[in-house]
Amino acid sequence: MKPRFYIFGLLITIFSIVSCVPTRHLAEDEQLLLSIDPKGLDNIERVSIEALYQQRPNRTFLGSTPLLSLYYFGVKFYDPQKIQERIDTQENRFERKIAEAGTDTAKVRRLQARMESRVDRLQDRKENGNFLMQVGEPPAIYDSTRMAQTMNQVDIYLNSKGYFEHNSDFQKREKGKKVHVTLQINENEPYRYTKIDYGIQDTAVLRLVQSRENRSLIKLGDIYDEDILTLERDRLNELLRNRGYFEFSRAYIYFDVDSSSTTHSIALKTVIQNPENRNSHPVYTIANVYFKTDADRFGIPRDTIVHEGINYIAYRHAFSPRMLDQKLDVYPGDRYSQRRTATTQRRLSELDVFQFNNIVYSRLADTADSSTYKLNAFVNATPSSRFQETAEIGLNYTERRPGPFASARLRVRNIFGGAENLDIGARFGFEGQVNISDPQQTVMIREYGGDLALSFPSFLFPFVGRKLFVNNNPRTRLYTGYTNVNRSEYERLNYELSLDYILQRSQSPLQPPALQYVFSPVNINIVNVNRIDSTFYRDLDSLSYGNKSLLESFRSGFISYLSFNLIYNTNDFIQSRDAKYFRGLVEVGGLSQQLGVDLDFLGLRTFRYAKFNADYRRYIPLGEKRFFVYRFNSGIALPIFGGDIIPYDKYFFAGGGTSVRAWQPRRLGPGSVSSSILSEDNRENTFLPEQPGEIIVEGSAEYRFNMVGLLNGAFFVDFGNVWWIKENSSRPGGDFKFDRFYKELAVGTGFGLRFDFSVLILRFDFATKVYDPAAASGSKFVLDNFRFGDFFTRGNQGSLNIGIGYPF
């Protein structure tokens, strides 16, 4: 009872500190700006107007300003005079030490570096405040001049969007020393294009522009928009530079705009000027291509190999010209193309054998009246280190036991001279797991293994040319791996072998791949259980409730399957774009037996099954580092061709940090079956086995926002469950039925803290159950069972999920 009382008292104290808006620190003529609210917008997005504010109001939460309160709290401990005294003391102290170092220049440099580091930290604290002040938010003092600047920016922006006759003003509402501003905006009727024409003297350029007129971003009837005009200018520039116009630039393009206020119309003329002292723009073709594949050594001549008209020059030809030719998109006789140049650079970088590459062009000598213009292309690629080693040592803490682990990887680049990369890995570790016989005990599991992967920069397939799909970064990957899992009750060995064909497509040569296809015609997995304790097996049997999936995971078996993956992703690593993500999986196992190939040997169990999975995600930016994101995931896995069970690893599982976060990982479901075994106080799980399902339906929605600095927050809601296809008489309610499945969707909610360190996201998600389909009838809404302490125990109501990266 006391811990709850202390926690409740702490929350009341925090709330009392931040629940008011502090204005007592303001001067007599100062007011606090708390909000700017734009009104009257019909077509212009609110976030676009918010981006124009020249003064940001203090952020509020439930009528309070917690970050401002934190700032003022930090001010109590801020004394710039004392900080300056510390700066002077540090400088004098180090100056004495530097003087004592005399002629020892190495020591002097070390002392100077230490002094600069310490003084810089103190200077930053003096200028920007202490930690609390930097985490908090300084007061936004209302400034009428900056508000006038904001309105000026709003006017400029609305004019740029074609609303030349708009009206805008603002109203200031005062409540004591607190100010709220409302922007009143009337867009009025926009100006639209009623005539589009060209002013292009170069007839060849005019014909080219008109031939691509259907791709123009400007159409009759569209609203005037300066941002669209900028994009159209970029499109025309790119069009010409991809058709041989090497010397062309955006400066030659401008738009002549003639507006009519009576009809709210615009006559637009696209003008492309000729070069100075010329009647036309020159078109360049490529004369020679030189491909250099090693770093310069001055004074030493390189050797040259000519292949398919390309000059490959190197001191030592470590890369096959045949392979490099597959990646080139720049050839003698072709017109110069900016796109082909970028495509070649992207293809070379995707090989992961070159540290960097670039392509430069030089003009060949020509006369003023020459009708032909030539370029030499120089492809410069500097190789990466042949060997790349990485190692990792860490410690996991699970089930009350620390578990050390270590891994090491070695990449050997260009192992056969054709840009093939060999990856070798090894890993070893311990992990604590619950003892099934005695859930109060923890047993240690030891796992070690290794893998080997060899990738080729093209498709290795009989009777297929090496240039097939060359624009889509084709790769072939061979993989084999071994894992040994050793526990006191059993030893399980896993052997893997796979062949993958991989394709990637980019939206443009300068953008990362947005679409990936992975076809795996060969996947072989052999599971060999060397040893299993009979008592352990009986305990598993008692926890299976007639479902054989858990038992089958501890039987030796042979799994062969083919699969196809499609992944579409327009987001970046930090998920900061307006983006979509889709992943589709089709997997079929056991086809070899249907084709007459008998793989049932050594008494290993074989499987015949099919699996389908679709995962869709949407990322919607709301401005000012705020996002609304949601996800929907569904799938089905079932035996086929007379099979009666699927491999354990092919089942679906719900619950955990990337699923329904209020439930323990892989412990939710199936359906309305209660799988929890609680202690006497009905508060803590004594043991909860994994709950596999053949059907999954789940989804999540998150509102993400920046709290301060690198700390972000999120409110989220999750729902989902897994089900069996067929009814199990020993556990009724676990099968999928269309007339009730929606009633069996578990629901959880919570709050997340995410530390964004740019290179990684450290995530803490606090989740609690809202609706538990396994609870007794009439008691399924369980939010009132929430206790804060559940996050830090093995309680049944709440869960704390710690992870790296976003959940989806």
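Modeller: Let's go from the whole chain down to single residues, and keep in mind that this is a predicted model.

Biologist: What about contacts along the chain?

Modeller: Take the contacts between residues at least 6 apart in sequence: 63% of them join residues at least 24 apart.

Biologist: OK, let's talk sheets. In what order do the strands of the five-strand open sheet come?

Modeller: The order is β8-β9-β7-β11-β10, and the pairing is mixed. β8 (303-307) and β10 (354-363) are at the edges with a single partner strand each, so one side of each has no neighbour in the sheet. From one strand to the next, the twist averages 25°.

Biologist: Do strands in general pair through side chains or backbone?

Modeller: Backbone: strands of a sheet pair through backbone hydrogen bonds, in a parallel or an antiparallel way.

Biologist: So are β7 and β11 parallel or antiparallel?

Modeller: Parallel: β7 (residues 284-292) and β11 (residues 373-383) pair over eight bridges. If you want a spot to look at, Lys-292 stands opposite Asn-380 in β11.

Biologist: Which helix lies across β7, β10 and β11?

Modeller: That's helix α11, residues 338-350, and it runs at about 160° to β10.

Biologist: Switching topic: how many aromatic pairs are there?

Modeller: The structure holds 35 aromatic pairs. One of them is Phe-741 with Tyr-742, an edge-to-face pair with 6.1 Å centre to centre and 85° between the planes. Tyr-742 is partly exposed, because its relative accessibility of 49% falls between the 20% and 50% cut-offs.

Biologist: Why does Gln-90 count as buried?

Modeller: Because its relative accessible area is 18%, and buried means under 20%. Leaving aside neighbours within four places in sequence, Gln-90 is in contact with Arg-118 and Leu-122.

Biologist: Now the backbone. What do most phi values and peptide bonds look like?

Modeller: Most residues other than glycine have a negative phi, and most peptide bonds are trans.

Biologist: Where is a cis bond found here?

Modeller: A cis peptide bond joins Gly-669 and Pro-670, with omega at about -5°. Pro-670 is in the loop between β23 (626-639) and β24 (695-708).

Biologist: And which residues have a positive phi without being glycine?

Modeller: Asn-277 is one of them, with a phi of about 65°. Asn-277 lies in the loop between β6 (265-272) and β7, and at 76% relative accessibility Asn-277 is exposed. Glu-308 also has a positive phi, near 55°. Glu-308 is in the loop between β8 and β9 (310-314).

Biologist: Is Glu-308 buried or exposed?

Modeller: Exposed, at 55% relative accessibility.

Note on methods. Residues are numbered from 1 along each chain as its sequence is written. This is a predicted model: local features need pLDDT of at least 70, side-chain atom pairs count only at pLDDT 80 or more; totals for chains, interfaces and linings use all residues. Side-chain values use heavy atoms; hydrogens and water are left out. Buried means under 20% relative accessible area, exposed over 50%, partly exposed in between (1.4 Å probe, protein chains only). Contact means heavy atoms within 4.5 Å. Rings of Phe, Tyr and Trp (its six-membered ring) pair if their centres lie within 6.5 Å; planes under 30 degrees apart count as stacked, over 60 as edge-to-face and the rest as tilted. Two strands pair if DSSP finds at least two bridges between them. Helices (H or I, at least four residues) and strands (E, at least two) are DSSP runs, numbered from the N terminus. Axes are lines fitted to C-alpha atoms, for helices over the stretch in contact, and angles run from 0 to 180 degrees between N-to-C directions.
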